[in-house]
Amino acid sequence: MKTTYKYLFLLLLSFSIVGCSDLEEEPVGLLAPDGFFQSTSDIQTAVDGSLTHAINEKFWGRKLSIALMLRSDMVSLASNETRRVEMNDFTTLASNGMISEFWPKTYQGIAAANQAIAGAADVDVDDELKNPVTAQAYFARAFYYFHLVRLFGEVPYIDEPVTDIDAATSMSKSSVSEIYANIIADLEYAKTWLPNTQTSRATPSKAAASSYLALVHLTMGNYQEAFTEATEVINNAGTYDLALDDNYQNLFNADVIDASKEPIFALDYNNFEAADNAYDQTAPMTGIRGDDRNLGGGWSVAVPTLEVYTTWDAGDYRRAVSLDDRASIGGTVVDYTEFDISGHQFAKNNPYIAKYMRYPGLFARANARATSHNYSMMRYAEVLLIAAEAAVEIGDNASALTYINQVRERARKGGATKTGADEEYVFEASSVPADLTGTVTVDDVLEERRLELAFEGKRWYDIVRRQIGSEVFGASGLEGLKASFDSNDYLLPLPEDELERNPNLLPQNPGY
Amino acid sequence: MNLKIKLVFIAMLLLSLTNYAQDSVTIKGTVTSQTDGEPILGANIIIKGTTNGTSTDFDGNYEIKVTSGAVLQFSYLGFVTKTVTYTDQKTINVELVEDTGVLEEIVVVGYGSAKKSDITGSVSSVKSEELTAFPVLDASQALQGRAAGVVVQSNNGGEPGAPVSIKIRGNTSINASSSPLIVVDGFVGATMPQANDIQSMEILKDASATAIYGSRGSNGVVLVTTKKGKSGRLSIEVNSTYAVQNISNRLDLLGADEFADYQNQIRANNGVTAAYSQGTADTDWQDLIYRSGNTQNHQVSFSGGTDKINFYASGNYFKQDGIIINSGFERATFLSNIDAQMTDKLKLGMNLFGSRGIKNGSATQSNGSVSAGGDDVITLALRYAPDQPVYNEDGSYNFGNTVGDPVDNPYAVAKERIDETKTDNFRANFYGNYDILENLTFKTTFGFSTENSTRGIYLPALLTQTAGGDSGRAEVETDRETTLLNENYLTYKKEIGKGNLTLLAGFSYQKTVSENFYAEATGFISDSFSYYGLGSATNILQPDSSISEVEIQSQFGRLNYDWDDKYLLTATVRRDGASNFAANEKYAIFPSAAFGWKISNEKFLEESESISNLKLRLSYGVTGNPSIGAYESLARFETLYASSNGESVSAITPEQPENPNLKWESSYQTNLGIDLGLYNNRVTVSLDYYNIDTKDLILTDNSITEYLGYTADDILANVGQINNRGFEFSVSTRNISTDNFSWNTDFNIAFNKNEVVSLVNDADLYFDAAPSYFSNDRSYVLRVGEEVGLFYGYDYAGVYQGGTLPDGTATLAGGVAGDPLFRDLDGSGDITTDDRGVIGNPNPDYTFGLTNSFTYKDFDLSIFLQGSQGGEIFNMTNVQLTNGDANTTVDYYNNAWTSTNTDTDAPRVGNNSNREISSRFVEDGSYVRLKNIAIGYNLPGETLEKIGIDRVRFSISAQNLLTFTNYSGLDPEVNYVGRGGDNNTSANTAQGFDFGSYPTVKSVSFSLNVKF
């Protein structure tokens, strides 16, 4: 019996070894919101998350940047993809496949910013230490809502992490003025707390907040405030370490942009093809098919009409930087009239957008995907033009002349650049564009913005805020008559599946 | 009670029983097996009409006290019970006869075993001979066609080392796995052992059989029992197989001249005046990437035992050179089982299993994600222009494809791309079995298993498209999964009146930890690093690592009662608590009940000459599919790789809200079965009807608005329901059975019908299987009231002959004569995406298997046919082959519409339909396949005895020798995982797609089996 005891004991022991688990999950390597925010660096982590959404393919990596290009009069379409045709031709449906991508992505940026702001409340650190970090989140939130309100008008406005899902999925839209008031409040907070400069232009600074305030006021028609904000940036250019870059080409050279003083707020692309499409695919969309550069050439989708090139003074260095009128295709160097030797279905015999394909940086992959461009969302030249436009509106012609001519002067300097066939040369200093004299008009500034900021996602918003669609999309426009355009097109439709999920978002924007 | 008191109590209980003695005589005896004369260990001896009994020891000896006239009943599992009346003998030696009748087969069930005749659930058994009829890498492959309602398919045709998927009774889920639970020697969720090491495989199909596995039972359970040693017999067995393999079919494509003509016709049709400039070569790309493959399988096993210890040990080596160049698989496996009778009451044992496999992969089944989908050698061989040479004059690979998107040279991809997966498996399972009381047994098991795999991929710089233009691209991924399992259960058997009661109660704890590491880099100085020099790369991509842990703790119980060998009752229940279940739904209970009636044991049939067995079975129960991944119900942040201040940093963003009410998926299954045996069971028939309602299916809850800003694509909710119902029929006949000749036939057939019962708001769910570069957005649909995974696209209506459009049809924009016509479903006069609808159904009406086995003296012959009827295939390959930017089939080239060849169903070359998914490419995928034909010869026994050899057997077999099908593609057994990749949703819904899969092979095998 003794051995029996022994074995019996062993067997019973096996029960007790196992014991009982409470079955609670304690994930490692996964983060839960509870108790995450402990220090200012945790706030920074959520801010970085917010801004990372902006570099995603669904936002500035392609979907929003290309949508903004296609809707403008500066870029036409070489593709038959429905979602792009709808964008370019103003036949956009509420089911549009680009909207359905940048709508959620924009709100993901907002959700991360809200998380940072709410999390900051849990961080037991002096305001002087944590508010400059939290202020970046306020800036990011304003940045995203500013896009939303200009794209869609009234949208649901959320400014804290969602706790009651049911309530949040049945909320109503906020009015445009309410959203703008919130954007301004967020930017004012950011301006108050952000440092004058940051080590990277991709981190929001006081200058970035101030410049965006200027643009927001300009968009709202608050010209005095816009002028005040813009001139404040200009007058503090030294403090903010800002200046126009001598060579306009440098702004679109991923290898040297980090050293430039011109960008005020930029999106910083990772130097690799990050997971989840968080890398640049805007560049290849603008490239020439069969182009010998960039391992396989571009995809030839967003292509300006010939008029964009022919109406642009050939003496303007900015045209030489902005457009490729020569390329090497299959080993043959041709000018734009023969770009279709690639034989591709959508190849166009037009000059192509050059800003992103010439100097995509060391890490760009085939077709110039994953460039290292730090796309400028706001640069010093724009602040000068905001100041000039506001000055025109408030009747300060002298200031308007000063600011707009600073931009034109830089363009005249020319600089080292290369053609689309990779032939390096120096564009000699030019007399074009000459300084403006006499009375500057709003149209003068808009025209300057169209050329200076060509293909940078600014033009569509200018068309909307100045309501010049019927003019620029008329028969004499750069793209010829766009018959489907009407004033309802100034706003995009809200995504139809969102309206189905939450009928309280109705009514849909007019015309859809 | 503390432990000590418990022990004392149990000990006293034991003593009281042993002291219970009678005034009587002690007799002795030995129980042996009639077959081999070996003693039988553990045979039961009971004095009829009493509870007195004993069992034999290791030498088959027993002692029992009897009184005059007592009737002794000798029984042992697998042997016919014998009774002997005590008439003053001193010793009673008994020879038991092995019970060979089909109905007395012993069937392994969850946590026990039972006589097949006592089974109330739906259980199919597959025998060892069927599993080893031809060489298979994975024993699961051998199940195909062998058991009704079990569909087995390789995930990638004939690829060496490709995983095999098993589906029992259809798809029971959409987003969760539909694969059954594999239990090997009691180890839940184990790796399948080598086919030669398997004694038997049982497939538990209905809820009555699977509910004991609770939340993991709803896809069915495959119980595998490995071979054990027998005491007293030492034997060595050697199996050796060599097989030669070839592609079973090849597409008939154009040569260089025809191809140039084809391209010129396309240009002419598209108004392009420049002629196609034909290359100088004439390359058959298929010929280059395919070769003759071979498989070797060698196994040595030792088994035997002494009176107290039995063992079985085997080592196996498997090597396959695939039929695509550079693809192959190599594996070494060992398995050992030891059982030791420590005392009369205590038995201990251990199972060990280990293997290492190395897979050399070929790029197949492109999902289109690599630039232009150029990473798949099979479709590349169809896309690359045949007038281009393999090498340029300077000896470098030619990369000058002249048509379509830029793609890499298929031969270069096959030759230069490195893709190795090394997988190590180890499993150890210890058990202890203790007879606490005569009728009460306690069993405990401790098991540990681990699977570690490393996959390395290297794309050398010369593969411009697949390597993405980088100078070399390498990735390494490692996975480690470790499982701990402890199970403890008591089994109690008792005869009550005319009935037998068996009770089982137990507790189980299982913990699985999965770890993953992934790294990728581009830009290498030299290709010679392969994937081993990540650190030397100029561009390190975002690495990743993760861990997840799942614990399951369960209580289970079963009651079996059979009364008078006529009425059978089985009831089971399992309560599972799992860590991956959401906070409010931590515990789940899965009950089942079954009733069986052995009608043939009733008086009115007992005397029947023709009906030797008739049994009715009825069962109902609930089983689950755990469906929820670890941490899936928790509120979570997602980590992002961000750039801040010019530095790479990690960042966070809200990923998903907490979902405390997320539940497992539940299947409610009814099974009605009938087993019939005729003419002394020379004919046995089984028929089962089942109905499975799977509820609470987890689907993406698209009611959560996107403006909440969560990044998770799939915030989940329990919203769907599907139904599977069908019949399974199997019949076995011993047609002829004489001394020299026998002929047996086994046939099984299964009809399954599935139906989507409800979805989120009952709205259609669309999915897309087409590779991404086809730029489609949907290719199949889930629709309420229809079967799962119907093909979705345009309805092809023939070729437009010009002039007035036939009623109800239209062409795509700009259609002219020769272009395809489609049904204008919305009547708008043109063809838009609104004109798409259901165009086909991949679900077969029925699948079947038929085996005829013959033996004549020392020869045997087995012919195994297997087939599937009524399922359709979407021939994605033909979409690629007829859109002009690839080579094409001779058939299309000859039959395409031209102004002089108008009576055809094939549109003109270069027509205006480019890559549309339409019914033009839906084909009947029915087939009947001669899966295996084998001839064997056993050397005559007398000859062998002289030289001391038990058995020498030669056999020659051929697999997939003949296939009868109307399908025009390479092979009707298609399984393209789709652009979504190899995941549960694809496996459940993207069925019947043919694109770039590794082709199924034809092989001829030679085997030798020697047993000493």
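Helices (H or I, at least four residues) and strands (E, at least two) are DSSP runs numbered from the N terminus. Strand β11 of chain B, residues 150–154, is joined to β12(B) by 5 bridges in an antiparallel arrangement, where two strands pair if DSSP finds at least two bridges between them. Within this pair, Val152(B) stands opposite Ile166(B).

Pro180(B) is located in the loop between β12 (164–168) and β13 (181–184) of chain B, and it counts as buried because 27 C-beta neighbours are found inside 10 Å. Leaving aside residues up to four places away in sequence, Pro180(B) touches Ile166(B) and Ile168(B), together with Asn219(B), Gly220(B), Val221(B) and Val222(B); contact requires that the two C-beta atoms, placed from the backbone, lie within 7 Å.

## An open sheet in chain B

In chain B, 4 strands form an open sheet in the order β3-β2-β5-β6, with antiparallel pairing. Its edge strands are β3 (53–55) and β6 (82–85), each of which pairs on one side only. Strand β5, residues 71–75, is joined to β6(B) by 4 bridges, and Val71(B) stands opposite Thr85(B) in β6(B). Leu72(B) and Pro180(B) are 108 residues apart in sequence and 44 Å apart in space, C-alpha to C-alpha.

## Nonpolar cores

The largest nonpolar core has 165 residues, and those with the most contacts inside it are Val183(B) and Val377(B); such a core is a set of buried Ala, Val, Leu, Ile, Met, Phe, Trp, Tyr and Cys residues joined through C-beta atoms within 7 Å. Helix α6 of chain B, residues 377–383, supplies the largest share of this core, 5 residues. Apart from this core lies another, of 163 residues, which includes Ile43(A), Val155(A), Ile329(A) and Ala390(A).

When residues up to four places away in sequence are not counted, the residues that Val377(B) touches include Ile289(B), Ile324(B), Pro410(B) and Val413(B).

## Domains of chain A

Chain A is divided into domain 1 (40–274 + 374–505) and domain 2 (275–368), with bounds that come from an automatic or database domain assignment. The C-alpha centres of the two domains lie 24 Å apart, and their contact takes 51 residues from domain 1 and 47 residues from domain 2. On the domain 1 side, α3 (63–71), β1 (76–77), β9 (415–418) and α17 (442–452) each supply at least two residues, and the largest share, 4 residues, comes from α3(A).

## Contact between the chains

Between the chains, 67 residues of chain A are in contact with 63 residues of chain B. On the chain A side, α1(A) gives the most, with 11 residues. By class, this side has 40 nonpolar, 18 polar and 9 charged residues, where Ala, Val, Leu, Ile, Met, Phe, Trp, Tyr, Cys and Pro count as nonpolar, Asp, Glu, Lys and Arg as charged, and the others, Gly among them, as polar.

## Conventions

Residues are numbered from 1 along each chain as its sequence is written, while chains are lettered from A and ligands numbered from 1 in the order in which they are written. Since the model is predicted, local features need pLDDT of at least 70 and side-chain atom pairs count only at pLDDT 80 or more, whereas totals for chains, interfaces and linings use all residues.

Conventions
Buried ≥ 20, exposed ≤ 12 C-beta atoms within 10 Å, placed from the backbone.
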